[in-house]
Amino acid sequence: MNNKADIDSALVVNDGVEQPPIVNPYLDNIIRKRRRSAMTVDDYMNGILEGNTIVLSQAITLVESSLPEHRELAHELIVRCLEHSKRKESMRIGITGVPGAGKSTFIEAFGNMLTDKGHRVAVLAIDPSSEKTKGSILGDKTRMETLCNNPKAFIRPSPSAGSLGGVARKTRETILLCEAAGYDVVLIETVGVGQSETAVHSMSDFFLLILISGAGDDLQGIKRGVMEMSDLIAVNKADGNNVEKANMARALYANALHLFPPTGSGWTPTALTASSVEKTGLEDIWAMMEKYFALVKGNGYYWHRRREQDRYWMYETVNSALKDMFYDNPSVAAALPDYEQAVLDGKIDSFSAAGELLKIYGR
């Protein structure tokens with residue numbers, strides 16, 4: 001009890017409350033519960049086939065994991081999903097465009113329109129990872145708020161994680177999981193022009209290039225290769241005072257597309273205008289896509305392209321597996337820091353260091 005001198009003083013110290021422990025007292029229970037609830041391939045498959053989006057998200061996380069102990073489980077899951085995916089003639093649509101073209105806004109409006117037509121839509125949005133921090137914002141769910149809350153849609157933002165071209169390394173496997181879950185339209189959004197078009201083109205059936213008018217020379221900075229890959233160009237933001245400029249840009253792009261060689265599918269690419277805000281032009285774009293799929297399924301190009309993609313991804317999988325085997329090798333892992341430091345110190349050139357490491361791996 002405080003005496004009178006203490007009470008009269010301005011330096012009275014009252015007893016404080018007992019501080020809670022720094023470590024969560026329930027942590028052990030949480031860890032044990034997670035260990036008990038480790039899912040099997042059958043658990044994943046049942047959830048995916050039932051359309052459980054939580055299980056689907058967990059399965060995608062498993063596939064994206066770089067942990068060696070997850071690879072075998074992920075591989076078995078992918079093989080199981082492939083059986084169901086091949087039975088469904090889904091539409092894989094790659095979408096790219098210049099920065100600021102409104103890709104996310106377009107996908108939200110387009111996706112909601114497709115779900116209104118009875119389709120189930122999966123959106124795989126690839127966010128670029130920072131080269132410095134290796135982190136990603138993964139903000140597409142924020143930008144696609146209404147589509148995110150649509151029960152017939154599934155949005156999965158994934159970091160590019162330093163993959164070549166900015167495309168998430170496991171995007172193709174994610175497509176197979178989504179198709180097995182019953183999503184018949186898969187939209188693959190790329191980082192932007194010049195980043196990932198080739199990789200996305202190798203895993204999609206239809207390639208949509210979104211552009212805008214009024215950004216300087218409309219053809220300046222647009223790579224010939226990107227336009228050659230495009231099955232359709234959509235001039236977005238054709239609203240308000242920009243309608244006339246958008247129509248002029250559409251005509252310019254349409255004329256440019258006629259200069260390219262014929263496509264192997266027999267399809268003639270063209271250009272259309274659209275407004276994601278006013279929801280105009282979206283029906284025309286979808287009608288063009290339906291016309292394309294009717295053509296390629298009728299002439300057999302649809303399955304021919306799928307087989308070509310399978311061959312491409314066989315080699316990509318081999319390359320990826322060899323890379324993992326190299327870095328997982330204990331001898332290489334032990335020698336790598338020394339060679340890295342030697343290169344930084346200028347004691348050995350990078351080519352010689354790589355050659356020495358490969359010799360170590362081959363022993």
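Tutor: A residue counts as exposed when its relative accessible area is over 50%, and as buried when that area is under 20%. The model is predicted. Gly266, at 53% relative accessibility, is therefore exposed. Gly266 belongs to the loop between helix H12 (243-257) and strand S7 (270-273). Its C-alpha atom is separated by 8.7 Å from that of Asn299, and the two residues are 33 apart along the chain.

Turning to the rings, Phe206, Trp267, Tyr292, Phe293, Tyr302 and Trp303 are linked into a cluster by ring pairs. The count of aromatic pairs comes to 12. Among them is Phe154 with Tyr183: the ring centres are 6.0 Å apart and the planes stand at 35 degrees, so this pair is tilted. Phe154 lies in strand S3 (residues 153-159), whereas Tyr183 lies in the loop between helix H9 (171-180) and strand S4 (185-189), so the pair ties together parts 29 residues apart in sequence. Both Phe154 and Tyr183 are buried. Another pair, Tyr292 with Phe293, has ring centres 5.5 Å apart and planes at 90 degrees, so it is edge-to-face. Tyr292 is buried because its relative accessibility is 3%, and Phe293 is buried with a relative accessible area of 2%.

Two of these rings also have a charged side chain over the face. Arg120 sits over Tyr183, at 4.2 Å from the ring centre. Lys297 sits over Tyr302, a member of the cluster, at 5.0 Å from the ring centre.

Technical notes: Residues numbered from 1 in each chain as written. Predicted model: local features only at pLDDT ≥ 70, side-chain atom pairs only at ≥ 80, totals over all residues. Heavy atoms only, no water. Helix = DSSP H or I, 4+ residues; strand = E, 2+ residues; numbered from the N terminus. Buried < 20%, exposed > 50% of the residue type's maximum accessible area, 1.4 Å probe, protein only. Phe/Tyr/Trp six-rings, centres within 6.5 Å; stacked < 30°, edge-to-face > 60°. Lys NZ or Arg CZ within 6 Å of the ring centre and 35° of its normal.
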